[in-house]
Amino acid sequence: MRSRNPHNLRSVHAINLSSARPGIHRLPNEILSYIFMNAIQVCDSDDPSEAAFFPLTISHTCSRWRKVSISTGSLWTSIRLCLPYSLNQLTYLRTWLSRSRSYPLDILLDFRDEEWDWEEEDHLFTHDAAKEIISVILPHSKRWRHIEFFTDTWAPIHAFLDLTRDIDDLPVLKSVALSRCNAYFARKGECFKPVELKEPIPLFAGGRLPALRDLALVGVHVDWRQSVMVNLLELELKFHAYDVLPTLGEFTNILISCPELERLSIVGWGPRLDATFTNTRRVISMAKLTRLILGFVDVEYAVMLLSLFHLPSLYELELEDVAAIVDPIGSSDASTLLTLLEASSTELNAETCFFPLHQVDYLDLRSIRSSEVVFAQFLHRFNSLEKINLSDADSALLTALGPQHFSPEPEAEISSKPRDRRPSFASSLSTSLAPCPQLVDLTCRRVDMSVLSSVISARAKAGSGVRPLQSVQFELDNIESTCHDSDDGSSIASGLSDEDRTSLLKIGVDFRINNLRSCA
C-alpha cells in the first residue's frame, strides 16, 4: 500500500482553504480600494460627520484592509473637527493630513456650543485653540478644496482671517463658508462687538483663487476693498452688524466682478445705504442670477435695496422677515416690499421688467405679514409658479392663494397645457380666478391648517381656473404638534382634522406630515 505524500496533502489543504475564503479577500487591492471609496461616498451622503471617521473604521478591521486603506490617499480627504477640543484632535488632524497625501481636502471646523452662555470670553473654543488648528492645516493650503468654519464667537474667526491673509496661492479652493453664528448683531441699531477686533482683515488678500465659486460670510466682515470675490456663482452675506457693512460702491463692485453669479443670499443687511442713495436707481443688473434670497430686518431698507436690482433671469425667490428671529418686536408689515416687487414686474417691455415674477417657478415666504389684498395682487404675478414654501404664514396669505373674483382681461385665458420654461411676457399679464395657476406643490410650516385645507379644496374645484395641487407637505415643530390615531392606524397632527384629511384625500392630494413628535 502506497503511503500518502504529506506535501500533496498540504497542497490540497491550502487549495481548499483558499476557495473557502470570502470573495472580498480574493479581490485585488485596486478593486478593494475602489469599494472603500464608494462606501465612504454613500456614508457621506447619509451622515457627513460619520463619514469623516469611516476610514478609521476600515483601517481597524484587519491587517490587509489597514494596508489598503492607508495607501488610498483619497479616503482621508474629509476632515471634521468639533467640540470638545483636545490635543487628540490635533493628532487626528495630522494623521488625516499625512494619509491624504496630495489629494484635495474638504475641511469642516464646527465649534458651536449649544450650552454657551453668550459671553465671548467664556466660550470653550478660544482664539488660541483656533490658532493651533489653523497652523496645522496652513502648510496644506494648496490642497484646500472646501473650507467651512462655524463658531459662536469672533476671536476664532479673527484668528483664521489673520493667519490666512498672506496666502499666495489657493489653486483648488472651490468654496469657503465662514460663520459667526450669532444673529443678534443683525438687529437694527446694533454695532459690532468686540470693538477691539472690529478692524477688517482682507480675505486671502494676496491669494490667487482661480477655482473659488461659492462664498458664504455669515456674521463675518472682511476688508471689502481688497476683495477676492470675483467670478463667483454663489454668494451669501448674512447677519452682519450695520457698522461693518460694505459701502454701496464696494458692494456693487463685488457683484459686477461676478457676472456669472447664479445665487445671491442677503440676510439682515447688504450694503450701507447713505444719504446719496436717493440719487441711485437700478445700478446692479445681474443677467445670470436665477435665485434671490432676501431676509430683511427693516422693511424700508429692503425696499431701497431691491430698487437697485435688475434680475431678468430670476426663477427662484425667497423672502423672510428675520426680525422675528433677531428682535423681540417681531415681524413688520411687508406690504411696501411686496408692492414694489409686484409693480416692478408689470412693465410691458421684458428688458425693463426688473423682477420678472411671471417666470418664477419657486417661491418661499417666511414670516411675511401683509393684507389679503396686497398678497393677492402679489401672487397674481406668478403665472409660472409650480412650488411654494410657506412658513409662519398668517390667514391673509393663505386666503390669498384661494380663488378670487378678479375681472380677467378680455384676452386672458387659462391654458391647460404644461407651461414653457420661459413663458412669453404677454402671458404673464393674464389674470385667473385664483393666483398661481400652475401651482402643484405646497410645503408649509406653522400655518392654520383648517384655513389651508379650505383653500386647497377651493383651488381643486371646477371653475377655479387653476391646476389642482398634487402634493402638500406639512412640516410641524414638535411643540406645535400632538399625535392621535386615525381610523387607519396612522398618526396625524392635531392641527389637521379628520374632516380636512378626508377632504384632501378625496380630491387626490398627496399629502405628507413630517417632523411629528413620536407618540407614546
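A: Accessibility terms come before the pairs. Buried means under 20% relative accessible area, exposed means over 50%, and partly exposed lies in between (1.4 Å probe, protein chains only). At 38% relative accessibility, D162 is therefore partly exposed. The model is predicted: local features need pLDDT of at least 70, side-chain atom pairs count only at pLDDT 80 or more, and totals for chains, interfaces and linings use all residues. Residues are numbered from 1 along each chain as its sequence is written, and side-chain values use heavy atoms, with hydrogens and water left out.

A salt bridge here is a side-chain nitrogen of Lys or Arg within 4 Å of a carboxyl oxygen of Asp or Glu. The structure has 18 of these salt bridges.

Take D162 again. Its salt-bridge partner is R165, at 3.2 Å from N to O. R165 is partly exposed too, with a relative accessible area of 28%.

Next, D110 and R112. Their closest N and O atoms lie 2.7 Å apart in a salt bridge. R112 has a relative accessible area of 40%, so R112 counts as partly exposed.

Then E316 and R291, whose side chains form a salt bridge at 3.3 Å, N to O. This pair links distant parts of the chain, 25 residues apart: E316 sits in strand 11 (residues 316-321), R291 in strand 9 (residues 291-296). Strands are DSSP runs (E, at least two residues), numbered from the N terminus. E316 is partly exposed at 27% relative accessibility. R291 is partly exposed at 26%.

Finally, a network. Salt bridges link K142, D169 and R208.

Notes
Helices (H or I, at least four residues) and strands (E, at least two) are DSSP runs, numbered from the N terminus.
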